[in-house]
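Take a walk through this protein, one step at a time. Keep the sequence and the 3D view side by side.

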Amino acid sequence: MPEELGVLIKQTQAVLHQRMDEALRPLGLSVPQYVCLQALRDLPGITGSELARRAFVSRQSMNVLLQGLQARGLVKRSAEPGPRRERTTTLTPASAELVDRARVAVAGVAEEMAAPFDSNGLTAFRAGLVAARDALAAGDVARRLG
């Protein structure tokens with residue numbers, strides 16, 4: 001049974017990504033673009049490297065993504081690189097309503113995913129996912145140190 005969990009989690013992630021993409025498409029956003037805009041709103045000053053990690057894309061892909069968002073007037077990038085050669089990126093006023101609408105769309109998908117659970121079940125499910133993630137992360141650290 002444990003060996004099936006990885007496949008099940010990956011299948012769930014794939015369906016979640018698909019459903020999020022469907023919800024965001026009418027807004028003209030992809031899932032990585034949404035993750036980027038949400039992170040910029042929630043964490044002003046976040047680096048491009050951290051944006052890339054959060055969106056599960058390479059730094060190069062994030063740069064292209066940010067260029068596209070800038071061309072649409074949704075983000076503003078500093079002309080000069082900062083201390084770590086990264087350009088500061090901020091949201092524009094034009095992106096505020098779009099991010100709000102996107103959050104509502106994504107929340108609807110999350111609510112559908114959580115619908116089969118009662119409050120206790122959802123709490124247990126979340127705790128299980130956190131524990132699984134942490135166990136894998138700890139194993140990765142132990143392998144690298146060993």
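The paragraphs below go from the overall layout to a helix pair, a salt bridge and a surface patch.

This is a predicted model. The protein has six helices and two strands. Read from the N terminus, the order of elements is α-α-α-α-β-β-α-α. The C-alpha trace spans about 50 × 45 × 20 Å along its principal axes.

Turn to a helix pair. Two packed helices are described by the angle between their axes and the distance between the axes. Helix H3 covers residues 48-55, and helix H4 covers residues 59-71. Their packing angle is about 100°, and their axes lie 9 Å apart. An angle of 65 to 115 degrees counts as roughly perpendicular, so H3 and H4 are roughly perpendicular to each other.

Which residues make this contact of H3 with H4? H3 brings Gly48, Ser49, Leu51, Ala52 and Ala55. H4 answers with Arg59, Met62 and Leu66. By type, the residues of this contact are five nonpolar, two polar and one charged.

Now to the charged pairs. The structure holds eight salt bridges. One of the salt bridges joins the side chains of glutamate 112 and arginine 19, at 3.0 Å from N to O. This pair links distant parts of the chain. Glutamate 112 sits in helix H5, residues 93-114. Arginine 19 belongs to helix H1.

Where does a nonpolar patch form? Leu5, Leu8, Ile9, Phe117, Leu122, Phe125 and Leu129 make a nonpolar surface patch of about 580 Å². Helix H1 (2-24) and helix H6 (119-145) are the elements that give two or more residues to the patch. Phenylalanine 125 is found in helix H6.

Methods. Residues are numbered from 1 along each chain as its sequence is written. This is a predicted model: local features need pLDDT of at least 70, side-chain atom pairs count only at pLDDT 80 or more; totals for chains, interfaces and linings use all residues. Side-chain values use heavy atoms; hydrogens and water are left out. Axes are lines fitted to C-alpha atoms, for helices over the stretch in contact, and angles run from 0 to 180 degrees between N-to-C directions. Helices (H or I, at least four residues) and strands (E, at least two) are DSSP runs, numbered from the N terminus. Angles under 35 degrees count as roughly parallel, over 145 as roughly antiparallel, 65 to 115 as roughly perpendicular and the rest as oblique. Contact means heavy atoms within 4.5 Å. Ala, Val, Leu, Ile, Met, Phe, Trp, Tyr, Cys and Pro count as nonpolar, Asp, Glu, Lys and Arg as charged, and the others, Gly among them, as polar. Patches are made of residues with over 30% relative accessible area and no salt bridge: like charges are joined within 9 Å, nonpolar side chains (Val, Leu, Ile, Met, Phe, Trp, Tyr) within 5 Å. Accessible areas come from the Shrake-Rupley method with a 1.4 Å probe; for residues, only the protein chains shown count as cover. A salt bridge is a side-chain nitrogen of Lys or Arg within 4 Å of a carboxyl oxygen of Asp or Glu.
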